[in-house]
Amino acid sequence: MRSAMELIRNGGLRAATVPAIAKAADVAQATVRNHFPDQPALLDEVGAMILDDLALPDSEIFDGLETPVDRVSRLAHELVAFYGRGQEWWFVLTADASMSPAFQHTTEMYEERFDALVKEAVGPMEDDPLVVAMVGSVIGPPLHYALIAKGFTPDDVVESSLAMLLPWLESRGPRSTAARQPGRSRRRGGGCR
């Protein structure tokens, strides 16, 4: 399996043919076909290996942390480290249009784990879809990689993201519930002043 992963990393999806994998792994082509009867089965296994190798954070990162602000901060730092480990794969997967559908199951596994981490991080606010969407968007990969592509360091990215996100998150917490009651909301109607 490592052979297939390296072939994809170095040559894209087209490089991971059964003959190439068999040659790289020093096994018979029939052995490859026996373990992976079709490309989706092979790619699911490769995708799971990639996520394992990159060590996507799990809920243990929240041990001992009480508040959503503390948990979101920890998650943001852990994700920046994860994105750093996965930067090469991010560019491999986004450089080839055929990679996205091929790794759809892996993407779904990542998104499911990411969403669960975000919900656990925000704790009692997990039922607030805006909170979950905002936290996921601000500490998620698109903003991260956009800022990295502009030359910012991972430390710059996480500190800037948290500087924007944490005050907003605190304003959404239980203490600010009265401020969000109907009739007591801030300016209605959409625009910024």
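Biologist: At what angle do the axes of helix α1 and helix α5 cross?
Modeller: Roughly 70°, and the axes of α1 (residues 2–11) and α5 (residues 68–95) come within 9 Å. Axes here are lines fitted to C-alpha atoms, for helices over the stretch in contact, and angles run from 0 to 180 degrees between N-to-C directions. Helices are DSSP runs (H or I, at least four residues), numbered from the N terminus.
Modeller: Before we go on, this is a predicted model: local features need pLDDT of at least 70, side-chain atom pairs count only at pLDDT 80 or more, and totals for chains, interfaces and linings use all residues. Residues are numbered from 1 along each chain as its sequence is written, and side-chain values use heavy atoms, with hydrogens and water left out.
Biologist: OK, so what do you call the arrangement of α1 and α5?
Modeller: The two helices are therefore roughly perpendicular to each other. Angles under 35 degrees count as roughly parallel, over 145 as roughly antiparallel, 65 to 115 as roughly perpendicular and the rest as oblique.
Biologist: Which residues make that contact?
Modeller: M5, I8 and R9 of α1, with E88, W89 and V92 of α5; contact means heavy atoms within 4.5 Å. By class, there are 4 nonpolar, no polar and 2 charged residues in this contact. Ala, Val, Leu, Ile, Met, Phe, Trp, Tyr, Cys and Pro count as nonpolar, Asp, Glu, Lys and Arg as charged, and the others, Gly among them, as polar.
Biologist: And how does α1 sit against α2?
Modeller: The axes of α1 and α2 (residues 18–25) come within 8 Å and cross at roughly 120°. α1 and α2 are therefore oblique to each other. S3, A4 and L7 of α1 meet A20, I21, A24 and A25 of α2, and that contact has 6 nonpolar, 1 polar and no charged residues.
Biologist: What about α8 and α10, what's their angle?
Modeller: About 170°, with the axes 10 Å apart. That makes α8 roughly antiparallel to α10. On the α8 side you have L130, V131, M134, V135, V138 and I139, and on the α10 side S161, M164, L165, W168, L169 and R172.
Biologist: Switching topic: how many cavities of 30 Å³ or more turn up?
Modeller: A search of the whole structure finds 1. About 50 Å³ of space lies in the largest cavity. On a 1 Å grid over the protein atoms alone, a cavity is a set of points where a 1.4 Å probe fits but cannot get out, and a pocket is an open set with protein on both sides within 12 Å along at least five of seven lines; lining residues have an atom within 4 Å of a point. Grid points are joined across faces, edges and corners, and a volume is the space filled by probe spheres set on the points.
Biologist: Which helices supply at least two residues each of the cavity lining?
Modeller: α5, α8 (129–139), α9 (141–149) and α10 (154–172). The lining includes Y83, V138, I139 and S161, and by class it has 8 nonpolar, 3 polar and no charged residues.
Biologist: And how much space is in the largest pocket?
Modeller: About 490 Å³. It's lined by 19 residues, of which W89, W90, L93, T107 and Y110 lie nearest its centre. The largest share of that lining, 7 residues, comes from α5.
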